[in-house]
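Hi everyone, thanks for coming along.

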Amino acid sequence: MKIDEVKLDELLLDLGHDDFNAGTALLREAVKAYRPGIQLTKELYPAVARKYGSTAARVERNIRHSMEKAWQRGSVKVQFDVFRWSYSPEQGRPTAGEYIARLARVCSHED
């Protein structure tokens, strides 16, 4: 799955992520490394952690923290447009897996 990185960067900003949060860079890398069927805790997070010299637990925590902050301050319209199928004010934000998978699908392109 090829990711349009410009589109991903724009979408992350629209969703409320900022470049000053370490979790944003880790989330960006996780979206780029995502492929359908990948196991987050056994494959994706450890791969991102190796690239950044960290641990899978820290990667997961930083991504979740970035998502929480973005969900609080991001555009509700963009959140609804991107995560329509899982968006619910009562339910809160999507899970990390849903978030990463959806961003990967929205930002993918064929060569």
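Let's start with Asn 21: leaving aside its neighbours within four places in sequence, Asn 21 is in contact (heavy atoms within 4.5 Å) with Asn 62, His 65, Ser 66 and Lys 69. A quick word on what we're looking at: this is a predicted model, where local features need pLDDT of at least 70 and side-chain atom pairs count only at pLDDT 80 or more, while totals for chains, interfaces and linings use all residues. Residues are numbered from 1 along each chain as its sequence is written, and side-chain values use heavy atoms, with hydrogens and water left out.

Back to Asn 21, which sits in the loop between α1 and α2; helices here are DSSP runs of H or I with at least four residues, strands are runs of E with at least two, and both are numbered from the N terminus. Is Asn 21 buried or exposed? With 9% relative accessibility, Asn 21 counts as buried, where buried means under 20% relative accessible area, exposed over 50% and partly exposed in between, using a 1.4 Å probe and protein chains only. At the start of α2, a side-chain oxygen of Asn 21 comes within 2.7 Å of the backbone nitrogen of Gly 23.

That brings us to helix α2, residues 22-33, where we find Thr 24. Thr 24 is buried too, at 7% relative accessibility. Not counting residues up to four places away in sequence, Thr 24 touches Leu 12, His 17, Asp 18 and Ser 66. The buried residues of α2 also include Leu 26, Leu 27 and Ala 30, and the buried set packs against β1 (2-3), α1 (5-14), α3, α4 and α6 (96-107).

Now for the packing of α2 on α4: the angle is about 105 degrees, with the axes 8 Å apart. Axes are lines fitted to C-alpha atoms, for helices over the stretch in contact, and angles run from 0 to 180 degrees between N-to-C directions. So α2 is roughly perpendicular to α4, a label for angles of 65 to 115 degrees. Gly 23, Thr 24, Leu 26, Leu 27 and Ala 30 of α2 meet Val 59, Asn 62, Ile 63 and Ser 66 of α4.

Finally, α3 (residues 40-52) packs on α4 (residues 56-73) at about 90 degrees, with their axes 8 Å apart. On the α3 side, the contact includes Tyr 45 and Val 48, and on the α4 side, Val 59 and Ile 63.

Conventions. Polar contact = N/O pair within 3.5 Å; in protein donor to acceptor, adjacent residues only side chain to side chain. Parallel < 35°, antiparallel > 145°, perpendicular 65-115°, else oblique.
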